[in-house]
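Subject: Structure handover

Hello,

Here is the structure you will be working with. Please open it beside this message and follow along.

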Amino acid sequence: MTLFNGVYPFYLQQRKVAVFDVSSIIVIVVFLTFTCSFLLIIPGIRGRVRLYWTLRVLLSLLVGVVIVAVQFTGDWETGWVKANTSYKSFSHALVNADIGLHVGLAGVNVTLLGNPVNQVNETIDYNEHFDWSFDADYDHSYSEGLEKGLPSPILYVAEKFTTQSPCNMHRQYRISGHYASATLWVAFCTWLISNMLFSMPVLVYGGYMLLVTGAFMIFSLLSFSTVRNSLMCPIQFGTATLHISYGGSFWLTLAIGLLCFVAGITVVALHYFSLDLLKTFFDFREDKAEEHQEMTEVYVNTYFMNNGQCLSQPSKLNPNSI
């Protein structure tokens with residue numbers, strides 16, 4: 001086996017994980033840090049307000065982490081196929097392997113996993129990432145894969161997404177992914193605005209911004225779904241065909257978008273039909289009953305009340321009579 005720049009063609013190097021990569025993990029860790037920080041201060045909040053604060057903060061952090069994390073995941077569309085296929089170029093050796101395709105907003109991952117892993121004196125366990133973001137050159141990444149001698153199934157799938165491919169899948173997926181990513185960042189901005197509005201006595205506008213957040217999340221799904229409008233080139237390995245369908249990130253974004261709609265509609269409805277309950281949940285209600293419990297009796301010296309008339313004992317007054 002010859003060397004390529006000091007590296008074997010079938011090398012063991014760090015690869016971008018098909019679903020979660022370092023960026024996704026960093027986002028999750030940051031939001032988990034915020035969550036743990038809140039859990040440390042929550043014991044200092046008394047009464048039912050503690051429960052209300054917990055629900056609001058955890059719901060808000062859940063929406064925020066999903067909006068940001070799905071930008072970096074690679075399972076907006078996924079597909080697997082099990083096939084007997086050639087392993088290397090210019091070789092008649094066949095291997096039995098699972099071939100996976102994972103499409104994200106910024107690129108595509110192609111996975112090759114042998115059944116079993118050790119075949120033809122090789123360890124068949126590959127996951128290659130090909131990026132199509134604005135600052136990346138997909139065709140150049142594909143050319144590097146050719147030079148390094150990647151397995152034939154990976155190159156065959158990756159070739160379908162090149163700009164020179166007659167399938168025209170690269171342009172469709174790249175544009176759809178960019179628009180979906182842009183609308184998700186707008187949804188993140190509206191999510192921040194809704195949190196600021198919920199911290200002020202303008203709760204109904206916070207509900208409106210939650211509705212806008214959900215709308216932009218749905219728009220991102222519609223943008224990504226436009227790839228279905230074009231004909232998909234078949235990805236075949238002998239008699240087996242690799243079919244792809246919407247993945248976990250797509251359905252998670254849909255679920256959180258619908259959750260934003262439900263939460264926003266609930267806030268707006270409570271504003272018009274039960275404002276006191278809404279203010280109680282957001283801790284904006286002035287509880288006059290508690291004020292009266294703290295000061296049940298008031299003693300006033302009537303000397304000052306009667307302009308110099310002196311009485312031996314102060315009179316007992318009710319707070320409501322002052």
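Overall make-up

Please keep in mind that this is a predicted model. The chain has 322 residues, and 42% of them count as buried. Its secondary structure comes to 10 helices and 9 strands. If you take the contacts between residues at least 6 apart in sequence, 65% of them join residues at least 24 apart.

A pair of helices

Helix α1 covers residues 22-41, and its axis lies 10 Å from that of α2. The angle at which α1 and α2 pack is about 170 degrees. An angle over 145 degrees counts as roughly antiparallel, and α1 and α2 are therefore roughly antiparallel to each other. On the α1 side the contact is made by S24, V27, I28, F31, F34, T35 and F38. On the α2 side the residues are W53, T54, V57, L58, L61, G64, V65, V68 and A69. Sorted by class, this contact of α1 with α2 has 12 nonpolar and 4 polar residues, and no charged ones.

The largest pocket

Rolling a probe the size of a water molecule over the atoms shows where empty space is left. The largest pocket found has a volume of about 670 Å³. It is lined by 26 residues, and the closest to its centre are R56, V57, S60, F198 and F282. Which element gives the largest share of the lining? That is α2, with 8 residues. By class, the lining of the largest pocket has 19 nonpolar, 5 polar and 2 charged residues.

S176 is in helix α5. Is S176 buried or exposed? Its relative accessible area is 3%, and buried means under 20%, so S176 is buried. Leaving aside neighbours within four places in sequence, S176 is in contact with S223, F224, T226 and V227. S176 and S223 are 47 residues apart in sequence, but their C-alpha atoms are 5.5 Å apart in space.

T85 is in strand β1, which runs over residues 77-86. T85 has a relative accessible area of 10% and is buried too. Not counting residues up to four places away in sequence, T85 touches A93, L94, V95, I99, P153 and F237.

Most residues other than glycine have a negative phi, and most peptide bonds are trans. There are exceptions to look at here. A cis peptide bond joins N115 and P116, with omega at about 0 degrees. P116 is in strand β3, residues 107-119.

V120 has a positive phi of about 40 degrees, although V120 is not a glycine. V120 sits in the loop between β3 and β4 (122-131). With a relative accessible area of 39%, V120 is partly exposed.

N121 lies in the loop between β3 and β4. Its phi is near 60 degrees, a positive value in a residue other than glycine. N121 has a relative accessible area of 81%, and exposed means over 50%, so N121 is exposed.

Regards

Conventions:
Residues are numbered from 1 along each chain as its sequence is written. This is a predicted model: local features need pLDDT of at least 70, side-chain atom pairs count only at pLDDT 80 or more; totals for chains, interfaces and linings use all residues. Side-chain values use heavy atoms; hydrogens and water are left out. On a 1 Å grid over the protein atoms alone, a cavity is a set of points where a 1.4 Å probe fits but cannot get out, and a pocket is an open set with protein on both sides within 12 Å along at least five of seven lines; lining residues have an atom within 4 Å of a point. Grid points are joined across faces, edges and corners, and a volume is the space filled by probe spheres set on the points. Helices (H or I, at least four residues) and strands (E, at least two) are DSSP runs, numbered from the N terminus. Ala, Val, Leu, Ile, Met, Phe, Trp, Tyr, Cys and Pro count as nonpolar, Asp, Glu, Lys and Arg as charged, and the others, Gly among them, as polar. Axes are lines fitted to C-alpha atoms, for helices over the stretch in contact, and angles run from 0 to 180 degrees between N-to-C directions. Angles under 35 degrees count as roughly parallel, over 145 as roughly antiparallel, 65 to 115 as roughly perpendicular and the rest as oblique. Contact means heavy atoms within 4.5 Å. Buried means under 20% relative accessible area, exposed over 50%, partly exposed in between (1.4 Å probe, protein chains only).
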